Amino acid sequence: MTPIKTLMTAAVAASLTVTAFTAQARDFRLGLVTPQPHIWTQEAEGFAETLAERSGGEHSVSIFPAQQLGDEAQMVQQLQAGSLDMAFLTLAEISNRIPDFGALYAPFLVEDIDQAAALLRSEAATDLLEAMPAQAGLVGVGYGMAGMRQILSREPIDSADDLSGLKVRITPFDPIRDFYVATGAAPTPLPLPAVYDALANGQVDAIDMDYDSIRLLKFYEQADNLVIANHMMFPMVAVVSGRVWAQLDNGDRELIRSAMAEHADNVMTHFQEHHEAWGEELRRQDITVTEVGPDFFAGAIADWEAIWAPKAPSLTRLRETAAELAE
């Protein structure tokens, strides 16, 4: 081959390489329900930075927090259609589509925040993600969390009987709804941005919430009775649209999977590191604090188990794993 032909061949190859590289470059869109200051949103932004860095600037991620793209049900529909690329979701909407995920919301499945994080990092929990592509059209790449659940109320709750008839704000999904129905409460789904005003105007009497959201969004200004129960953990899952995933090559899949899982796991670590301090911060507010354990909800736990044990076959394995982690 002549030198000129060699140079031309090399130039064409280089041009094709650049064209292929450009064609693969993507600006992904990632949606969340949490506001900008929330740790989920902060770690989503961290993921965007990591992906841009590790892809050499090839990929970027635009973050849409605070339900800018709709609530979680709407975002799941967008993910399934491929019009939304990624999301950090509560497992609430996933459990509405794949009941087995409801097992992760079993009352008192874990004792504390560290055991919750350990369980979500276990094989028993990560194996559940394998059902998502076929049953929900999503690819789950890793878990995060939103801490342990507590109850904040406008009026004192001294016994489980005091929950009877109370309008308790919940995230709209079946496992937590069934738990509060079993207590005699009236579970009331509301989006997070509407909660403060709903407490202020009496639309709801109490909320099911984690320490971080209670303090960050100052819900204690409108409800001054805190029941510390740690009755459920509240997992988050980082997902990619199945349609989008199918368009990616193996290299990009691994790049996204590793970076996204890393930042989702950072969320868990953050909650582990700050859980006690956030609880102490709330105790210093001008509120009444009551600490309770499983006995407080004994009847409701049994009722929940009767509903969900047949619907969520992974519950047995998760309980066994949780027990091993507690040892």
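Reader: Is Ala302 buried, partly exposed or exposed?
Author: This is a predicted model. Ala302 has a relative accessibility of 46%. Buried needs under 20% and exposed needs over 50%. Ala302 therefore counts as partly exposed.

Reader: Which helix holds Ala302, and what separates its C-alpha atom from that of Phe179?
Author: Ala302 is found in helix α13, residues 298-311. Phe179 is 123 residues away from Ala302 along the chain. Their C-alpha atoms are separated by 9.6 Å.

Reader: What are the overall figures for the protein chain, and what percentage of its residues is buried?
Author: The secondary structure of the chain comes to 14 helices and 11 strands. Its C-alpha trace spans about 90 × 40 × 35 Å along the principal axes. Of the 327 residues, the buried share is 51%.

Reader: How many residues of strand β10 are buried?
Author: Strand β10 covers residues 233-241. Met233, Pro235, Val237, Val239 and Ser241 point one way, and all are buried. Phe234, Met236, Ala238 and Val240 point the other way, and they are buried too. The count for β10 is 9 of 9.

Reader: Why do the side chains of a regular strand divide between two faces?
Author: In β10, Met233 and Phe234 point opposite ways.

Reader: Which strands pair with β10, and in what sense?
Author: Strand β3, residues 86-90, pairs with β10 over 5 bridges. There, Leu89 has Val237 as its bridge partner. Strand β4, residues 138-148, pairs with β10 over 8 bridges, and Met148 has Met233 as its partner in β10.

Reader: Where is Asn230, and is it buried or exposed?
Author: Asn230 is found in the loop between β9 (225-228) and β10. Its phi is near 50 degrees, a positive value in a residue other than glycine. The relative accessible area of Asn230 is 18%, so Asn230 is buried.

Reader: What is the phi of Gln67 near?
Author: Gln67 is found in the loop between β2 (60-64) and α3 (72-81). It is buried, at 19% relative accessible area. Gln67 is a residue other than glycine, yet its phi is positive, near 60 degrees.

Reader: Which residues form the negative surface patch?
Author: One of them is Asp114, in helix α5, residues 113-120. At 44% relative accessibility, Asp114 counts as partly exposed. The patch is formed by Glu111, Asp112, Asp114 and Glu276.

Key. Residues are numbered from 1 along each chain as its sequence is written. This is a predicted model: local features need pLDDT of at least 70, side-chain atom pairs count only at pLDDT 80 or more; totals for chains, interfaces and linings use all residues. Side-chain values use heavy atoms; hydrogens and water are left out. Patches are made of residues with over 30% relative accessible area and no salt bridge: like charges are joined within 9 Å, nonpolar side chains (Val, Leu, Ile, Met, Phe, Trp, Tyr) within 5 Å. Accessible areas come from the Shrake-Rupley method with a 1.4 Å probe; for residues, only the protein chains shown count as cover. A salt bridge is a side-chain nitrogen of Lys or Arg within 4 Å of a carboxyl oxygen of Asp or Glu. Lys and Arg count as positive and Asp and Glu as negative; His and the chain ends are not counted. The place of a charge is taken as NZ of Lys, CZ of Arg, CG of Asp or CD of Glu. Helices (H or I, at least four residues) and strands (E, at least two) are DSSP runs, numbered from the N terminus. Buried means under 20% relative accessible area, exposed over 50%, partly exposed in between (1.4 Å probe, protein chains only). Two strands pair if DSSP finds at least two bridges between them.
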